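Hi everyone, thanks for coming. I'd like to walk you through a few local features of one structure, so please have a look at it first.

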Amino acid sequence: MSRVLVTGASGYLAMHVVKQLVDTGELVDYMKRRFLLSMTGQMRNAASLMKGANYVLRRQLGSWSRICQFHRRFLQHEMPAVPKMCLGCCDVRDVAEAHITAMKSPKAPGNRYITISGSLWLQDIAKILDEEFRPLGYNVPTWAFPSFGLKIVSWFDASVRAMIPFLDHELKLDNSKIKADLGYQPTDLKKSIIDMAYNLIDSGFIKKTPQYEEAMKKKAES
């Protein structure tokens with residue numbers, strides 16, 4: 001059995017890499033907050049570089065991350081409307097698996113791969129959440145905020161100002177190379193979006209509504 005060294009293991013991606021390695025019985029050494037720790041896991045050198053999406057759909061294994069911000073803002077109705085932004089999306093579990101596959105693949109060294117499932121407009125993400133969670137008491141905004149209005153708001157709000165360069169631009173990325181070389185099979189984005197929302201609610205990062213608690217109670221009893 002060989003060994004894997006995972007650096008920055010407290011990061012949102014590295015935690016999933018460590019978990020998947022451990023789940024497969026590998027020998028893992030990992031760096032976390034300046035301490036070298038060990039778990040059952042494996043190691044190889046991979047000179048490949050993964051380029052991820054800008055909205056990584058994830059299950060929480062640790063503390064809150066800003067990458068989850070749109071889910072929380074939508075489900076807690078912290079945004080009255082949805083900016084017209086397009087994001088490259090992927091499931092963090094897929095990205096972690098791709099890193100492990102690249103580590104073992106003879107095709108990976110020297111190559112760069114885009115670990116993306118697809119692109120979605122924020123309004124599409126909001127509509128998916130609204131369809132699933134409105135019956136559970138969540139009021140998700142689905143109305144598109146006019147871009148010219150956001151530009152006016154950006155004069156007074158720095159957080160909105162950061163969005164302006166990305167408004168109204170459709171993002172198109174090609175993941176055919178990683179599919180061909182590494183057999184990358186991304187999770188369906190709708191499933192990832194919904195899974196992430198349930199996980200954030202159950203982990204306490206998003207408030208549970210009375211309807212949600214009642215539905216989960218009935219589900220547990222059935």
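Let me start with how I name the pieces: helices are DSSP runs of H or I with at least four residues, strands are DSSP runs of E with at least two, and both are numbered from the N terminus. Keep in mind that this is a predicted model, where local features need pLDDT of at least 70 and side-chain atom pairs count only at pLDDT 80 or more, while totals for chains, interfaces and linings use all residues. Residues are numbered from 1 along each chain as its sequence is written, and side-chain values use heavy atoms, with hydrogens and water left out.

Now to the loops. Most residues other than glycine have a negative phi. Aspartate 168, in the loop between helix 6 (158–161) and helix 7 (176–182), has a positive phi of about 65° without being a glycine. Its relative accessible area is 37%, so aspartate 168 is partly exposed (buried is under 20%, exposed over 50%, partly exposed in between, with a 1.4 Å probe and protein chains only). Histidine 77 is not a glycine either, and its phi is positive at about 50°. You'll find histidine 77 in the loop between helix 2 (69–75) and strand 6 (86–91).

On to helix packing. Which angle do helix 4 and helix 8 make? Helix 4 (residues 122–133) and helix 8 (residues 189–202) pack at about 60°, and their axes are 10 Å apart. Axes here are lines fitted to C-alpha atoms, for helices over the stretch in contact, and angles run from 0 to 180 degrees between N-to-C directions. The two helices are therefore oblique to each other (under 35 degrees is roughly parallel, over 145 roughly antiparallel, 65 to 115 roughly perpendicular, and the rest oblique).

Who makes the contact, meaning heavy atoms within 4.5 Å? On helix 4 the residues are Ile125, Ile128, Leu129, Glu131, Glu132 and Phe133, and on helix 8 they are Lys190, Ile193, Ile194, Ala197, Tyr198 and Ile201. Within helix 4, the buried residues include Ile125, Ile128, Leu129 and Phe133.

Finally, helix 1 (residues 12–23) and helix 3 (residues 92–104): their axes come within 9 Å and cross at roughly 65°. In this pair, Tyr12, Leu13, His16, Val17, Gln20 and Leu21 of helix 1 meet residues of helix 3, among them Val92, Arg93, Ile100 and Met103.

Methods. Contact = heavy atoms within 4.5 Å.
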